[in-house]
Amino acid sequence: MLKKISKSVLVLVVMLVASCSDRLSEINENPNGIDPATANPNLMMPEVMNNAARSYLELGYGDVAGVAQHIQHDGWFSGINHYDWGPQDWSGWYNMLRNNEFLYKRSTELNYKFHQGVALTMRSFIFGVITDLWGDAPYTSAVKGDQSNEFLKPAFDSQEVIYKGIIADLKTASALFATKDATGYTAGYDIFYAGNPTSWQKFANTLLLRYYMRVSDKMPAEAKAGIEAIYASGVYIKTPAEDAVMNYIGATSGNSWPGAVAFDQEQSNFRRKKPAQTLLNSLMTNSDPRLKVWFAPVYVRWVADPTLATPVDEFIRKDGVIMQGTRYLTDVVFNAEVKKGIKFTRHYNPKLYTGTLDTNEYVGVPPGLRQPDYYNNNPTPGQTVQNQHVSQLADAYRGSSGGLLKARLASSAETAFILAEAAQKGWAVGTAATHYNAGVKNSLETWGVGAQYDAYIAKPGVAYNNTLERIMEQKWIASWTAATEAWFDYRRTGLPAFKAGQASAEPVLPVRFNYGDNEVNFNRTNADAAINKLETTKHSGLRGKNSQWSKPWIVQGTNKPW
């Protein structure tokens with residue numbers, strides 16, 4: 001019986017093949033697919049740029065903003081506030097690299113110099129983020145899985161090899177852009193610079209400045225020569241108008257600023273983010289004009305009242321009048337009332353109240369609190385409503401698009417502060433004071449308060465004082481929403497001198513991300529080799545070498561940041 005069935009199936013298969021052999025090529029061709037041999041590289045550029053820009057912003061506005069003490073959370077806070085990180089996957093970044101590699105290969109086939117330059121610049125940016133965050137990583141063997149099975153489990157390259165490769169690629173990209181050849185570019189597909197090779201060359205050279213300074217402790221001669229050469233060329237980002245940015249168009253949640261209330265009906269993502277006290281105190285100390293651009297005053301301000309019969313008011317006061325039975329209002333109601341000019345307060349008797357209250361108009365959350373939702377005697381801890389006694393982000397960050405809401409990959413402020421640091425090292429790049437002042441001015445102009453530069457730069461706590469501490473403090477402030485750079489600067493210099501909070505997983509700040517489970521489980525031999533090259537510290541803890549407190553090559557032997 002089985003023999004008869006087998007013969008019948010064989011006859012049927014032969015008949016089917018014979019009947020459609022002349023149509024197989026048509027049947028197997030996907031009409032909706034992209035043929036690699038005829039793909040238009042313009043179509044690939046915005047996908048790579050958009051994903052890289054969004055992911056970079058989400059780092060600098062998320063977990064890394066907690067490390068750099070720009071932001072604290074008062075809900076779902078352990079990752080942001082306490083650095084309680086598990087394994088972190090990098091597949092999203094390598095997915096970008098796969099698309100970018102396709103862009104580069106196709107541009108090379110067509111001899112499109114502009115597109116090649118874009119691909120090399122974005123390749124450098126993405127690999128830079130990967131090695132900055134994790135350490136050693138697949139580089140020379142990366143995104144080659146289609147070539148051979150040996151690349152399905154790629155070897156990890158050292159950070160030194162990766163940084164040198166990044167610098168080499170950026171030099172090549174800069175040379176390609178210098179030709180000003182934009183052959184093949186179609187308008188509308190470059191979402192950073194609208195197809196302008198000169199602008200891209202400035203971006204590539206600015207990334208070179210970033211990475212030369214990144215490796216300056218490990219490769220001082222190369223860093224000095226590289227930064228001096230770029231400064232001498234004059235081709236780098238100098239003004240906010242030249243910044244490498246991506247605008248948010250806001251039509252959908254995927255194209256909108258993260259946490260925009262239009263796509264967050266409960267507004268929990270928005271109200272969870274609070275200014276870190278570290279940043280807020282620095283802004284308030286010097287009456288920084290960026291303060292009111294970034295943050296909102298508290299909804300309910302504490303007022304000392306020695307005549308109060310109880311330690312604290314139970315209910316809030318509206319323009320001085322007790323609102324009996326009302327301990328809080330929702331964010332929506334508060335926001336509407338405050339915009340009308342109404343003032344809300346709660347009184348306390350400093351003779352009877354035994355705790356500590358922050359009575360300032362602007363209040364930030366101290367880093368690493370055990371229970372940040374209780375801070376400043378919040379009457380409604382938890383996530384049901386906002387903490388009315390702590391500042392929130394300014395209203396601009398409720399929106400989804402336009403204005404200030406941009407993903408910023410590189411800026412004129414960062415460039416100026418890099419050159420200020422280089423000048424202070426004695427390198428031939430002009431004067432440190434000139435570049436420092438430019439960095440401060442560029443940042444103020446970026447946030448729409450450039451008119452207040454003269455008053456701000458004259459303040460004793462702001463004026464250049466010939467110290468690296470002053471440069472790094474202002475660079476840290478200017479990196480708002482791009483906190484990755486502040487973190488890597490801190491790791492390299494120990495500045496600003498951040499302190500971990502009381503409930504932080506370790507008493508010092510982390511220096512890297514942990515390798516993800518995919519690599520450890522499925523590329524174990526290569527991952528283990530990379531992990532074993534990390535420097536275990538007394539803070540590495542139970543995770544051992546694959547810990548956020550184990551030091552990668554870039555800071556090994558430098559005694560930084562701790």
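The model is predicted, so local features are reported only at pLDDT of at least 70 and side-chain atom pairs only at pLDDT 80 or more, whereas totals for chains, interfaces and linings use all residues. Residues are numbered from 1 along each chain as its sequence is written, and side-chain values use heavy atoms, with hydrogens and water left out.

Helices (H or I, at least four residues) and strands (E, at least two) are taken as DSSP runs and numbered from the N terminus, and two strands are said to pair if DSSP finds at least two bridges between them. On these terms, four strands form an open sheet in the order 6-9-7-8, with mixed pairing. Strand 6 and strand 8 (321–322) are the edge strands, each with a single partner strand, so one side of each has no neighbour in the sheet.

Strand 6 (residues 300–304) runs parallel to strand 9 and is joined to it by five bridges, with W302 standing opposite R346 of strand 9. Strand 7 (residues 317–318) pairs with strand 9 in the antiparallel sense over two bridges, and it pairs with strand 8 over two bridges, also in the antiparallel sense. R317 has a bridge partner in each of these neighbours, namely T345 in strand 9 and I322 in strand 8.

Burial is judged by relative accessible area (buried under 20%, exposed over 50%, partly exposed in between, with a 1.4 Å probe and protein chains only). Five of the five residues of strand 9 (residues 344–348) are buried, so this strand is largely enclosed by the rest of the structure.

**Salt bridges**

A salt bridge is counted when a side-chain nitrogen of Lys or Arg lies within 4 Å of a carboxyl oxygen of Asp or Glu, and the structure holds 25 of them.

| Pair | Closest N to O distance |
|---|---|
| K224 and E228 | 3.0 Å |
| D331 and R398 | 2.8 Å |

D331 and R398 form a salt bridge. This pair links distant parts of the chain, as D331 belongs to helix 14 (residues 331–339) and R398 to the loop between strand 9 and strand 10 (406–410), 67 residues apart. Both D331 and R398 are buried, R398 having a relative accessible area of 10%.

An α-helix has 3.6 residues a turn, so residues three or four places apart point the same way. K224 is partly exposed at 33% relative accessibility, whereas E228 is buried at 19%. Elsewhere, a network of salt bridges links D132, R210, R214, E414 and E485.

**Helix 3**

Helix 3 (residues 45–60) has 16 residues and reaches 23 Å from its first C-alpha to its last, close to the 22 Å expected at 1.5 Å a residue, where the expected span is 1.5 Å times one less than the number of residues. Its buried residues are M45, V48, M49, N50, N51, A52, A53, Y56, L57, L59 and G60.
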